Amino acid sequence: MLGGFLPGSATVSVSIASVRGFDVPGLLSALDRYPFGCLEQTVSRALPLLYFGELAASSGLRLDKALPERIQDAASRVVDMQRPDGSFGMWGAGAQGADPWLQIFALDFLIQARTKDFAVSDGVISRGLGWVRSTLGEFGPEARAYGFYVLARAGQADVGQLRYFQDTEFRNIRTGLGRGQLAAALALAGEKARALTAFQQSRQAVGSVVRGDYYGSGLRDTAGASAVAA
């Protein structure tokens, strides 16, 4: 697969992939070039790398021995951005809090990193989940849906709150990903019938362009909704 060509550019980037339809080497190379610094950039670069080993095995790529260290460095950096109440600053613990959805994204990364045996303490996760629980009602619909999903995966979902949110706020969730995350939270909480309805409504919204959603796209929604549905 060829990738990276821009009309008028002086260079052409070429990569070879053995996974049909996916330029795995090119995608991983792009992640390595991703800006690295603030909370969003740190997590966006490191979270996909948690699954590099699985991609490498399926595409015949050699595993980078330095990869675990890079992921751990990113996790440690995100931990250093956690504030005393469990939330996350955009540039550090003393900085202004990041967008709520982005803060949940950071917590989600740390939880997934810990499941992959990277060093993230129980206290960090506990403070983060506590912050989500205590401030969930202050978030916008997209962040609340994501928050419910992360809490449900941790076994801390309030079923009554989930039902109420679906009944009163579901129509305000504009993205297919957000609807899918709420559906997954309902499924994890044992609300199978409600989850099925929400997943069906998620499919109707997947791929649509949501104005003002700075961290999303139709492609992200399609991939993310598919992942949580699985």
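Guide: Contact here means heavy atoms within 4.5 Å. You are looking at a predicted model, in which local features need pLDDT of at least 70 and side-chain atom pairs count only at pLDDT 80 or more, while totals for chains, interfaces and linings use all residues. Residues are numbered from 1 along each chain as its sequence is written, and side-chain values use heavy atoms, with hydrogens and water left out.

Visitor: Leaving aside its neighbours within four places in sequence, which residues is Val 78 in contact with?

Guide: Val 78 lies in helix H4, residues 67-80 (helices, H or I of at least four residues, and strands, E of at least two, are DSSP runs numbered from the N terminus). At 0% relative accessibility, Val 78 counts as buried (buried is under 20% relative accessible area, exposed over 50%, partly exposed in between, with a 1.4 Å probe and protein chains only). Its contacts beyond those neighbours are Leu 39, Thr 42, Val 43, Phe 88, Ala 106, Phe 109 and Leu 110.

Visitor: How far apart are the end C-alpha atoms of helix H7?

Guide: The expected span of a helix is 1.5 Å times one less than its number of residues. H7 has 13 residues (141-153), so it should span 18 Å. The model agrees, with its end C-alpha atoms apart by 18 Å.

Visitor: Which helices do the buried residues of H7 pack against?

Guide: H7 is mostly covered, with 11 of its 13 residues buried. Among them are Arg 144, Tyr 146 and Phe 148. Their packing partners are helices H5 (100-115), H6 (122-135), H8 (159-169), H9 (176-188) and H11 (218-229).

Visitor: At roughly what angle do the axes of H9 and H11 cross?

Guide: Axes are lines fitted to C-alpha atoms, for helices over the stretch in contact, with angles from 0 to 180 degrees between N-to-C directions. Those of H9 and H11 come within 8 Å, and they cross at roughly 10°.

Visitor: Is Asp 117 buried or exposed?

Guide: Asp 117 sits in the loop between H5 and H6. Its phi is near 75°, a positive value in a residue other than glycine. With a relative accessible area of 72%, Asp 117 is exposed.
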